Amino acid sequence: MWKKVVAIIIIAVIIISLAVFFLLKREKPLADSLYKAVPLDAALIINIKNFDDLNRSLLSNNQLWKEMATLPFFDQLNGQFRFIDSLKRLNPSINKLFTQKTPMLVSGHTSGRNDIRLICYFEVPNESDFNEISHFIKNYKGKKLQSSSRKYEEATLHDVVFPEKKDDNFTYAWSHGILLLSHSSLLIEDAVRQLNSKESVLDRKGLAEIIKTAGKSALVNFYFKFEHLSKLAERFIHPKYKTELSYLKNVGSWVELDLNLKPNMLILNGFSFADMARPGFELLFKDQKPVKMEIFSKIPSEVNTFAVFGISDYELFRKNRSQFMDSRNILSSYNHEIQTLKNDYEIDLINSFTGVFDQEAATVLTGPASDTIAQQAFSVIKTKNRDDAEKMLTGFIHDYCSKQNRKASDFMAEFPASNGQNIKVWKLTLGNIPAMLFGNLFSGNENEYCAFSDNYLIFGQSAAGVLTYISKLMPKATVNTNSEFESFSEYFSEQSNFFFYNKPSTSGSFYSNFLKEDVYKQIKTQTEHFDKIQAFAYQFNVSDNGLIYNNIFIKYSPQAPKAQQAQEPETVSENQEKTGREIKLDAPAASKPFLLKNGAGSGPDIFVQDKKNQIYLIGPDGKIRWKIKLSEPILSDIYQIDYFRNGKQQLLFNTRSKLFLIDRNGKNTGKYPIMLKSPATNGLAVFDYDKKLDYRIFIAGEDRKIQAFNKDGALLKGWEPPKTDSKVTQPVQYFRIEGKDFLVFNDKTRLYILDRKGKPVIKLSKPLSLSSNKAGLINGRSLKDARFVVSATKGKVYFIGLDGNIKEDNFGKYPDSHWFDVYDLNGDGVKELIFSWGTNLKVMSQKNKELLSLKTPAKLKYRPAFYEVKANKFKIGLVTTDEKILLYEPSGELKKGFPLNGSTPFSINTVNGGESGFKLVTGCDKNFLNEYPVQ
């Protein structure tokens with residue numbers, strides 16, 4: 001049964017994902033008229049906006065498509081689109097049709113027992129344009145083709161026959177301003193009839209809802225109807241799985257997938273509409289919250305295939321599963337199995353596990369692909385508390401033995417482990433417990449034996465198998481630490497309801513179990529192509545509105561990835577005895593080391609740039625993941641944004657000439673890097689106004705204009721800010737006060753307060769003479785009391801109300817080059833004004849009362865930084881020109897252990913919410929990054 005269930009999952013993913021390798025970018029919704037031509041039995045619908053881009057970016061250049069085009073079915077698709085491209089290239093009129101970005105639609109239909117046929121739809125409003133296209137087609141390749149015409153209803157169908165190659169035969173027609181083209185004349189007839197029908201596919205349940213969820217900036221929008229999945233799967237799957245394939249009809253009604261295409265990868269994500277009148281596999285997760293996937297740390301890196309369930313509420317899962325089994329007429333037999341345990345042994349399996357289960361369960365295939373499924377298969381279940389779970393298992397053994405007059409010691413044994421400790425193994429002859437708890441996906445073997453690794457319960461076919469599995473869970477030997485897996489997990493959400501992963505190159509014998517013999521033979525003849533598919537994975541989450549968010553990823557590798565070499569420690573600095581760790585760079589650090597969330601739960605990554613303009617990503621283990629040479633220094637902070645809306649974050653920053661967005665593998669994302677129209681004079685600012693991951697990016701240029709971009713790096717439409725009087729050197733700031741938005745920045749003569757469109761919302765009552773510091777906001781909870789605070793030259797400070805009125809105060813004498821900050825240092829909700837220059841730092845109240853005055857041993861090298869190391873517990877961080885870093889309490893007391901060596905601004909990572917101290921990372925002497933443990 002395990003093979004059958006996994007077969008369904010794999011084929012579902014293959015059909016949904018690989019069938020759209022030939023798709024490219026569209027920029028606006030397709031005309032509804034094209035949908036009206038689609039016959040109602042369509043299994044898939046594809047939107048393509050620009051066929052020219054299709055050919056240039058995929059058919060001609062994409063390596064993954066070139067590999068897949070050698071396989072059955074995809075070769076057919078490739079041939080059909082190559083024909084369209086040849087017509088385009090050979091005729092100026094047809095070329096003009098496509099160059100004008102005429103909308104294009106493709107629908108797929110099952111034909112015969114196991115074939116798939118396509119119809120292509122193009123908008124050709126003028127009959128004269130169609131006649132020119134038709135004339136050229138009829139004369140295409142001269143006498144090598146034969147053409148004939150016939151009337152069908154109100155349209156004329158043109159049949160084109162290639163006597164020397166009948167597989168190239170096709171039919172085309174023009175009706176209602178639409179050009180129809182297909183290898184199947186019957187499908188063209190269906191489309192002509194459909195154009196005369198009052199009903200369209202848009203009237204079918206599910207599709208209209210799914211179209212609304214389609215990504216506007218996606219490379220392509222792909223729609224698939226699950227009802228036809230079993231028919232399409234028959235093209236690939238062995239007939240012995242026909243019954244199981246019929247279950248695919250009920251997985252959902254329609255799915256929409258947005259395509260993101262890269263040279264060596266394909267990413268598909270979007271929503272599916274589930275028809276609860278015909279519940280399918282997704283019903284198991286109805287109303288469940290996505291769960292953070294921590295179970296990866298208990299899956300060996302050599303895994304072939306695994307599937308993970310994320311279950312936030314097991315009680316609800318049980319109810320949903322009962323409904324699912326009832327719809328399959330198998331609930332009564334399942335209830336009988338559970339009741340037998342109660343009657344025979346007084347074991348309440350379900351309620352007992354409900355009390356100890358903790359949100360995650362996985363079924364795993366590992367070991368040589370030549371092994372039997374039973375030898376490869378393991379089940380992994382996370383428990384809330386190991387002690388409670390052990391008591392439960394021991395109780396099961398005693399209950400069983402008391403009824404069978406057996407010794408409990410025959411079912412519990414301890415075995416020595418490599419770490420010198422013993423591992424306790426239970427033998428449970430009560431039936432397949434993981435399968436009873438979670439379903440047939442966990443029935444790869446009988447799962448009689450189990451043992452613990454931390455609080456994870458591992459089930460397997462034998463005691464030796466379980467012990468071997470646990471022995472493989474060594475540090476840096478699990479899937480979450482595997483560089484191959486990590487290279488594409490960047491694109492998936494950390495939280496999930498269901499996650500499936502497979503490595504095709506090591507699963508050949510596994511596929512032979514469920515693929516048709518001719519399909520598998522064809523794959524075997526193309527092993528050199530198939531093995532280059534590094535991995536594919538499928539993930540879905542149930543959203544709050546009941547729709548299911550699907551994420552599919554396929555990674556292509558032109559050659560086997562090289563094992564990542566551990567870096568040997570290099571020479572150390574004189575400062576090592578004070579540091580917890582030192583990391584050697586190629587040149588001294590030129591920027592603050594930024595601490596970044598990495599999603600693995602093992603501590604933050606470090607991002608830094610050195611004085612050779614190289615950027616580094618350093619893992620929590622201190623090893624350099626990658627380094628990249630840039631042409632110039634970074635001006636901004638390093639921001640993390642969720643570009644793909646999947647919980648994985650990319651790194652956003654700018655230099656003087658470019659805007660960058662790179663993933664955690666150091667690869668450019670989307671159309672990045674973006675060349676700036678005018679060189680930047682400040683670091684970027686990025687805002688997500690409504691917390692919908694719809695980012696806005698702002699950068700000031702030497703042309704004295706503030707450029708605004710969307711997350712794709714395109715200039716923001718409707719943004720029309722005034723030209724500034726002089727250069728803006730500090731980042732743009734965003735404030736929301738009582739639901740009203742303010743974008744704020746300043747140059748040396750003016751404070752600019754704008755709305756989201758760049759229009760001024762406040763007119764100041766008089767001109768100002770400002771320092772180069774950014775403005776702060778005080779009393780920002782109400783429009784009435786809010787004030788923007790900016791420092792001026794010669795110690796002046798301006799308080800600017802939202803009515804444009806200005807109040808001026810003198811806070812002392814400071815040089816024009818001073819730093820000015822507004823920050824709540826003591827956590828009382830009232831911000832202080834902080835001035836720093838030379839060897840001085842002063843903290844003033846808003847009422848011009850001095851609260852703190854500091855003198856440093858050497859001049860300040862950088863602007864002060866402020867850190868919250870515990871809830872409402874703050875520190876002041878300083879770096880001086882003598883390469884020292886200092887950390888002060890708000891009272892002015894220097895923290896114990898400081899000063900420390902450091903030459904750059906530093907970052908702080910708190911441990912256990914600050915209760916266990918924190919770690920401080922800074923650039924230091926002799927090309928080192930230093931990490932200091934601080935109590």
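Q: Which residues are buried in α12?
A: In this predicted model, the buried residues of α12 are Tyr314, Phe317, Asn320, Arg321, Phe324 and Met325, where buried means under 20% relative accessible area, exposed means over 50% and partly exposed lies in between, with a 1.4 Å probe and protein chains only.

Q: Where do they fall, seen down the axis of α12?
A: Seen that way, the buried residues of α12 fall within an arc of 140 degrees, so they line one face of the helix; the arc is that of the directions from the helix axis to the C-beta atoms. An α-helix has 3.6 residues a turn, so residues three or four places apart point the same way.

Q: And what do those buried residues pack against?
A: The buried residues of α12 pack against β12 (305–310), α13 (331–345), α14 (349–356), β13 (357–365) and α17 (433–438). Helices (H or I, at least four residues) and strands (E, at least two) are DSSP runs, numbered from the N terminus.

Q: How many residues does α12 have, and what does it reach from end to end?
A: Helix α12, residues 314–327, has 14 residues and reaches 20 Å from its first C-alpha to its last, close to the 20 Å expected at 1.5 Å a residue; that expected span is 1.5 Å times one less than the number of residues.

Q: What caps the N-terminal end of α12?
A: Aspartate 313 caps that end, with a side-chain oxygen 3.1 Å from the backbone nitrogen of glutamate 315. Just after α12, asparagine 329 takes a positive phi of about 60 degrees.

Q: Before I go on, how are residues numbered, and what pLDDT do local features need?
A: Residues are numbered from 1 along each chain as its sequence is written, and side-chain values use heavy atoms, with hydrogens and water left out. In this predicted model local features need pLDDT of at least 70 and side-chain atom pairs count only at pLDDT 80 or more, while totals for chains, interfaces and linings use all residues.

Q: What is the mean pLDDT of the protein?
A: The mean pLDDT is 82, and 78% of the residues reach 70 or more; pLDDT is the predictor's confidence in each residue, from 0 to 100. Over residues 1–31 the pLDDT is below 50, and beyond near neighbours in sequence this stretch has 127 contacts in the model, a contact being heavy atoms within 4.5 Å. Over residues 560–577 the pLDDT is also below 50, and that stretch has 21 contacts beyond near neighbours in sequence.

Q: What is phi of asparagine 848?
A: Phi of asparagine 848 is near 70 degrees, a positive value in a residue other than glycine. Asparagine 848 lies in the loop between β44 (840–844) and β45 (850–855), and at 26% relative accessibility it counts as partly exposed.

Q: Last one: is threonine 880 buried or exposed?
A: Threonine 880, in strand β47, counts as buried at 1% relative accessibility. Leaving out residues up to four places away in sequence, threonine 880 touches Thr856, Ala858, Lys859, Leu860, Lys861 and Leu886.

Note on methods. Polar contact = N/O pair within 3.5 Å; in protein donor to acceptor, adjacent residues only side chain to side chain.
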